[in-house]
Amino acid sequence: MSTAMSQSYPNIWLKLKRSPVMDITKFLMVVAVLIWVMARGTQQLGYNWQWYQVPKYIFQFQDGEFAFGPLLFGLAVTFRITAWGLLLSMTIGLVTALLRLSNSFLARIVARGYLELIRNTPLLVQIFFLYFVLAPIFGFSRFFAGVLALSLFEGAYVSEIFRAGIVSIHKGQWEASHSLGLSIFDTYRCIILPQAIRRILPPLTSQAISLIKDSALVSTIAIYDLTMEGRVVIAETFLTFEIWFTVAFMYLIITITLSIVVNTLENRFRIQT
Amino acid sequence: MQDKELGDYIVTVEKIGKTFPNGVCALRDFSTRIRRSEVVVIIGPSGSGKSTFLRCLNGLEEIDSGSILIDGTPLDENKKNRLEIRKEVGMVFQSFNLFPHKTVLENITLAPGLVRKKGKDEARKMAMDLLMKVNIPEKADSYPSQLSGGQQQRVAIARALAMHPKVMMFDEATSALDPEMIGEVLDVMKNLAREGMTMIVVTHEMGFAREVSDRVIFMEDGCIVEEGTAAHFFSNPQKERTKLFLSQIL
């Protein structure tokens, strides 16, 4: 791609080809084709689209006051589960990574054991196990079972991401820290983790998004999250297509918001170069 | 340097041995004693054990046999002893190893604050004094990536000095620098020597050795081949291996 070659093209055409306008146009065209394919498909099914019915299940105005509809209630529950899940899974992940990297043989075995057990069994099975087996034994609630299952599951993957980040820090940082007399705790806290976390924000974000989506599975133990409320509304109204599109869109809003927040954080805490 | 008062023995190394897991023997029955304020330069071919020796002194590498005594504190399993030694022995690395996410000032004040529990203002003032000493006070709020190699290494020296160590070790401190910047770092090291710091310097800079060292040790295969004053070394080396090595680098 030499400058000599590009100068033989008119400037405006090149600018247009590479501009965001072109990308957005292409994207919209693809979306339009997909919508057309869907419309044709559902026409053949004889499905009667009733989009106008949907808003009342999201929110309503009763006596002039704003009231949550079932879908918004479900969204609130999903928020709660996801917030706790994120907090717990990040904590479990960091602790497990540190255990795997510690000098203690016992710590390494425990961490490795947890990791292999959780990564090699399906999340749905873990949710059922926690709710049907452990919850009656230890007496915790269905909400706790759901959050715990989610956190333990995602925590295992988060721990590998943390470990990768920590291990990627140049050995010289450890050696300099050691030579200055810093304790291992201070080394992790001031030197290693601040650098490691900046590096692993992209895969951590992916994992957080996974957690948000996986939270839909707690609907199987009758936690009234967004997915469960969606199923209930469909059971009553048979607005199958419309409601699932709406629910999917609402999950999309959550995950995209998270992505935007993390991107902003990434830019703010970027290490100057 | 002839007319300097050398103190008592501050570093005593008795017959230390170190073999790496891959079978390479880096140190064989290595013994030496270093006095306070002495400047010892260690030269030798790569793989001779020079860096390993330095790294054993502050615990970065574990010795397989022998003993190390630093200012009366033995380097053994006792955690308090190890910490004491890490505080009293400063090290400057070939690859600087500055903390990239912290400013120059933060790099220097971090350890004194956390390890020697110095207050923020006290640490800051000390850091600025050290930056003056290494001639870059204006870079206090810059990040390491914004500095040249020579400036980074000088910050690394200031950072090590901030802990007020009794011994300073330099592991090929100028080997990764462009030639124009070697001089500024060597100047800092020479000043440090003149001020009476005990220094153990692994280097290929013979000019430095000639100018400020009290003793030069030539190592090969984990052993001391020859040692003596700089004058003796460069004008009248005894062993054949020493002569061969010197002919290659001078």
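Which residue in E2(B) is the bridge partner of Tyr9(B)? The legends below take that up first, after a word on conventions. This is a predicted model, in which local features need pLDDT of at least 70, side-chain atom pairs count only at pLDDT 80 or more, and totals for chains, interfaces and linings use all residues. Residues are numbered from 1 along each chain as its sequence is written, chains are lettered from A and ligands numbered from 1 in the order in which they are written, and side-chain values use heavy atoms, with hydrogens and water left out.

View 1. In E2(B), Arg35(B) is the bridge partner of Tyr9(B). Strand E1 (residues 9–19) of chain B runs antiparallel to E2(B), and 7 bridges join them. Helices (H or I, at least four residues) and strands (E, at least two) are DSSP runs, numbered from the N terminus; two strands pair if DSSP finds at least two bridges between them. The whole open sheet has 4 strands in the order E2-E1-E4-E5, with antiparallel pairing. Strand E2 (25–35) and strand E5 (73–74) of chain B are the edges, each with a single partner strand, so one side of each is left without a neighbour in the sheet. Helix H1 (residues 50–57) of chain B packs on this sheet, touching E1, E2 and strand E4 (65–70) of chain B. Contact here means heavy atoms within 4.5 Å. The direction of H1 makes about 65 degrees with that of E2(B); axes are lines fitted to C-alpha atoms, for helices over the stretch in contact, and angles run from 0 to 180 degrees between N-to-C directions.

**View 2. The six-stranded sheet of chain B.** Here the open sheet has 6 strands in the order E6-E7-E8-E3-E9-E10, with mixed pairing. Strand E6 (89–92) and strand E10 (223–228) of chain B have a single partner strand each, so one side of each lacks a neighbour in the sheet. From one strand to the next, the twist averages 20 degrees. Strand E3 (residues 39–43) and strand E9 (residues 215–220) of chain B pair in the parallel sense over 4 bridges, with Ile42(B) opposite Ile217(B). Helix H9 (residues 240–249) of chain B packs on the sheet and touches E3, E9 and E10 of chain B; its direction makes about 100 degrees with that of E9(B).

**View 3. A hairpin in chain A.** Strand E1 (residues 59–62) and strand E2 (residues 65–68) of chain A run antiparallel, joined by 4 bridges. Gln60(A) has Ala67(A) as its bridge partner in E2(A). The hairpin leaves 2 residues between the strands, and Asp63(A) in the turn has a positive phi of about 55 degrees.

**View 4. Where chain A meets chain B.** The contact takes 22 residues from chain A and 25 residues from chain B. What joins the two across this interface? The rule finds 1 salt bridge, between the side chains of Glu175(A) and Arg55(B) (2.8 Å, N to O). A salt bridge is a side-chain nitrogen of Lys or Arg within 4 Å of a carboxyl oxygen of Asp or Glu. Helix H9 (171–179) and helix H10 (184–214) of chain A each supply at least two residues of the side that touches chain B, and the largest share, 8 residues, comes from H9(A).

**View 5. A salt bridge within chain A.** Arg100(A) forms a salt bridge with Glu160(A), the closest N and O atoms being 3.1 Å apart. Arg100(A) lies in helix H5 (residues 70–100) and Glu160(A) in helix H8 (residues 142–167) of chain A, so the pair ties together parts that are 60 residues apart in sequence.
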